[in-house]
Amino acid sequence: MGGVGAGGFGPSVGLVCGPGDAGVPESDEEAGHAGCVLSRGACPLAGRGRSRAVWPGEGVGSAVEANARYRRLVARGARGVPVGFDLPTLTGRDSDDPLVRGEAGRRGVAVDSVDDMRVLFGGIPLERVFVSMAAGAPAALLLLMYQLAGEEQGVPAGRLTGMVRHDVLEECIVGGTCIFPPEPSLRLAVDLFGYSRAELPGWGVVPVSGWRMAQAGASPAQEVAFTLADGIEYVRAAVAAGMDVDDFASRLSFLFAAPAAVSEGVAKARVARRVWARVLRERFGTGDPASRVLRAGLYRAGMRPAVRQPRVNRTRGRVQGPAALPGGIRLLCADPFGEAVVLPAGKDTRLASRMGRVLRGERDVSTRADPFAGSYAVERLADAMEAAVLELMGEVEGLGGAVAAIGQGFQRDEIGRGAYRLERGRGAGEEHGLAGVGCSRFEEEGRCGPLCADPPVGVRQAERLAKVRAWRCGDRVGQALVAMRGAARGEGNVLYPMKDALAAGATVGEVCGTLREVWGTYVPSGAR
C-alpha cells in the first residue's frame, strides 16, 4: 500500500500526538478549553504541523522476488518497508501443506522459516528502515524471525524499529485467518506485548483494527464501538498480566476505515478520540495525559474498492484523503486502483505514493486541528454516532467483554445485519451504489494488471522447505518445540521458547501446529 503517514514515528503508527509531543496537555483544562476531552479528543492540536511520510508497499511471490523489490524501494529513498504475507503464512501453514496448495506467494510473500526471512531482508540496512508487517495471527513468529535475521546482520534488537499488525480479536470477528480460539489468541498477544517491551522497544505490536469490519459491512458506529471494545480488552489483559497502564496504553494505535464523506470522517475520528480518552481516564485511571491520546490511522474505505472498473478506485482514494485528514488522522493509506484484486506493485505503488505526496504537500490538511469544530452538522452527527457507539460498547461489556462477545458471535451477527441493510439500500438510488457495482452500469474497462505470483512459487517453496528440513538438527527442533508446548500449557511467556524453535529451523507450520495441539483451533460460533 502507499499512503500518507506520520513521519519519523516510533512504536506506534498514525500518531495524532505522542508521548513527549508539545501538543499533549498537562490536564484536560489546559488543553485549550474546558472539556476538551469530551469535545475534540485528548489532544487539541491533533498533530497540527507534523510532517507526513509517504509509504510505498508491496509483497507478492517468494522472498527472493520480494527482496529485489524492497531493495529498489530503499535505494530510492524509502524509509519504510511494509510487508504483506501470503495465505499459508497468515494461517500458520507451510507452503507445502495440502490444505493451502496453490496459494504460496499469491497474495503476499511466502515465508516458511527464518531462512525465508533472512533472504527477504538480505542487503537491506535494518537499523535504518521502519518495517511494517501485516502479520495477523502468526505475528509473534514473524517478528521473532525478523529479530533473528537482524541479529545475523549484526543489528541489536534495540535498534530494530517497526510495527506488526496483530489484532487477533478482529481476526476472530471478521478476518478469516484466526488460528487459535479468542482466549489463547489474547494470551499470545499479551506475551507479545511483554516480549516486545523487554526485547524490542522500537516495535509496536498492537494496532487495534476496525477497517475490515467496515469492509464486511459494519456501520461507522459499529466499527468504532467494536474496535474500541477490542482495545479495552487488550488493555485489561495487559493490566491483568502486571503491566502498567500508562506504559502500555501509549503503545497502542488504531486503524479505521477511510470514509467517503467529509462529515462522517470528521465525526468518526472525533468520537473515537473522545470515547477512548474517557475510557482510559475513568475506567483505567491513567495518570499520564499521553496515555489517553488516540493514535489513529485510516485504511481504505470499507466496501469501497471495487473489482469491476478498478480504475475508478483512484478517484475514491482522492476523495477519501480530504475526507479523513480534517478529523486529525495522521496516517492515510491511499491505495492504488488494483488492490481490490491483489497487493499492489510497480506503477500502482508509485501512483499511490505520488497521490500521498499531493495530499501531504498540496492540500491544507495539517495547518489546523479539527477545522470543523463548531459545525452544527458535524457536531450533531458526532453526538448521534457517540450515543450509538456507547450503546454498542455497553452491550459488549454486558456480555463479559470483547472475547466473551466474540464467543457468542455478537459482533459477527451485528455486522452481518448491517451488511444486509447496506446491500438492500444499494439498489434504492444512485447515492447508495458504487460505479460498476451498484445500480449504475458503465461499459467495462480492460482488466487491471497487478503483480501476480509466478505459479512455480509453490514448487520452489516446497524445495526450499525440503532443504531446510534436511540441514537442520531434528533433535534440537524437537526439544525446542517440546519446551514451547510446555510454556503454552503453563503461564510462562511463549515467545522465548518459540524463538529457540525458530532459530533451530522450525517452520511456521510446525510452530503453529504445536500450539494448535495445546490451544485448539478457532471455530466461529455460527459454524459449530
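Select β5 (residues 161–165) and β6 together: the two strands pair in the parallel sense over two bridges. Strands here are DSSP runs (E, at least two residues), helices likewise (H or I, at least four residues), all numbered from the N terminus, and two strands pair if DSSP finds at least two bridges between them. For one of the bridges, click methionine 163, whose partner in β6 is glycine 204.

A word on ground rules: this is a predicted model, where local features need pLDDT of at least 70 and side-chain atom pairs count only at pLDDT 80 or more, while totals for chains, interfaces and linings use all residues. Residues are numbered from 1 along each chain as its sequence is written, and side-chain values use heavy atoms, with hydrogens and water left out.

Now widen the selection to the whole sheet. Four strands make it up, in the order β3-β4-β5-β6, and it is open with parallel pairing. β3 (80–84) and β6 (203–204) are the edge strands, each pairing on one side only.

Hop over to asparagine 67, in helix α2 (residues 63–75). Is asparagine 67 buried or exposed? Its relative accessible area is 9%, so it is buried (under 20% is buried, over 50% exposed, partly exposed in between; 1.4 Å probe, protein chains only). Its side chain reaches the backbone oxygen of valine 119 at 3.3 Å. Beyond neighbours within four places in sequence, asparagine 67 is in contact with Val119, Leu120, Phe121, Gly122 and Ile124.

Then select arginine 472, in the loop between α17 (457–471) and α18 (474–489). Arginine 472 has 15% relative accessibility, so it counts as buried. What does its side chain meet? A polar atom there lies 2.9 Å from the backbone oxygen of glycine 505. Show its contacts too, leaving out residues up to four places away: Val477, Ala504, Gly505, Ala506, Thr507 and Glu510.

Last stop: the cysteines. Cysteine 172 is buried at 1% relative accessibility, and cysteine 512 is buried at 0%.

Notes. A polar contact is a pair of N or O atoms within 3.5 Å; within protein, one must be able to donate a hydrogen and the other to accept it, and residues adjacent in sequence count only if both atoms are side-chain atoms. Contact means heavy atoms within 4.5 Å.
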